Amino acid sequence: MDQDVIIVGGGIIGLLSAYRLAQAGKSVLLLESAAVGSEASWAGGGIVSPLYPWRYSPAVTALAHWSQDFYPQLGEKLLAETGVDPELHVTGLYWLDLADEAEALAWAERHGRPLRSVPMGEVHEAVPSLGGGYSRALYMSGVANVRNPRLLRALREALRRLPNVRVVEHCPATAFVRDGERIVGVQTAQGEMRAGQVVVAAGAWSGELLATLGLEVPVKPMKGQMILFKCAEDFLPSMVLAKRRYAIPRRDGHILVGSTLEDVGFDKTPSEEALESLKATAIELLPALADAQVVRHWAGLRPGSPDGVPYIGPVNGFEGLWLNCGHFRNGLVLAPASCQLLTDLMLGREPVVNPAPYAPAGRIV
């Protein structure tokens, strides 16, 4: 065996899994079909919270809360190790005109989260750039966003500095290498690569790869499009969300507005229709953006899964095969807890959260 673990997929889940396992002493080979961090992890907005956290199952909530609490120290650690700042930016988040406001407040009380109803006058005072026409608002302090391309760059640099990690880009895994019931490696564009354990963290492509084993894992691509504006640094002091669309401020005045949710297979082409829709959303939320130039418009493919609950753990009947995939809209939010849980399970440690809801056993056929 050339290494202890092969990880297929170089997004946030694959990178952070490699980082955790390598820190625990495992030798890791990470394979990425394109460039590391160039798919959904790069394309998302980077909000360190599910968009509507009260609408998710306790399984997603458990991972989200652990990860949210852990993100500040992860950002500091990566900056200290690599000199690359993931720019964790604590802004708080306003939800406007929610239909399920009562459920949201009840959820927050149950979970001890700082969500409160605020008068619109207070919102407009805090966010002067916000448009009119909204009648109700909830606010949660402490919600952060992370500059995901920089987080990915920091993780890539952290892995480069570890002697027990090798990263191979532009190397798609096409099938698995088997020894009886055991998975002992993967077939790739560069030949057969072997390891004691194989982790599938290939995002929207995970279902296709696992299908080569006859496994039906309901992970499929769900396209999302975003646009980016550049404004003054103080233009938008908090994140705002209305009608399933959001605006996210970066520290340097860039404003991200997203996103669409499209079931169109592996098509990542940005569309004029989505651009116009996102611009209309942006101007409704923040009217001054009517005069701002769209700096960039792009699309990515989320790894859609039923209820957004990821698959984390070993696969029955295929010894040596592990999953960490199917995070849907919340890969960035759930990554720290997901990758810690995977590492705990692979090393036989006490798991950081109850692993039962994420176990592939009983959820895939």
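Mentor: Start with the surface. The accessible surface of the chain comes to about 14500 Å², and carbon and sulfur atoms supply 50% of it. Such areas come from the Shrake-Rupley method with a 1.4 Å probe, and for residues only the protein chains shown count as cover.

A word on the source. This is a predicted model, where local features need pLDDT of at least 70, side-chain atom pairs count only at pLDDT 80 or more, and totals for chains, interfaces and linings use all residues. Residues are numbered from 1 along each chain as its sequence is written, and side-chain values use heavy atoms, with hydrogens and water left out.

Now the part itself: helix α1. Helices are DSSP runs of H or I with at least four residues, strands are E runs of at least two, and both are numbered from the N terminus. Helix α1 covers residues 12-23, which is 12 residues. From first C-alpha to last it reaches 16 Å, close to the 16 Å expected at 1.5 Å a residue. That expected span is 1.5 Å times one less than the number of residues.

Is α1 enclosed or open? Of its 12 residues, 11 are buried, so α1 is largely enclosed by the rest of the structure. Buried means under 20% relative accessible area, with a 1.4 Å probe and protein chains only. Among the buried residues are Ile12, Ile13, Leu15, Leu16, Tyr19 and Arg20. Gly25 follows α1, with a positive phi near 100°.

Step back to the chain. Its secondary structure comes to 9 helices and 18 strands. Of its 365 residues, 56% count as buried.

Technical notes: Buried means under 20% relative accessible area, exposed over 50%, partly exposed in between (1.4 Å probe, protein chains only).
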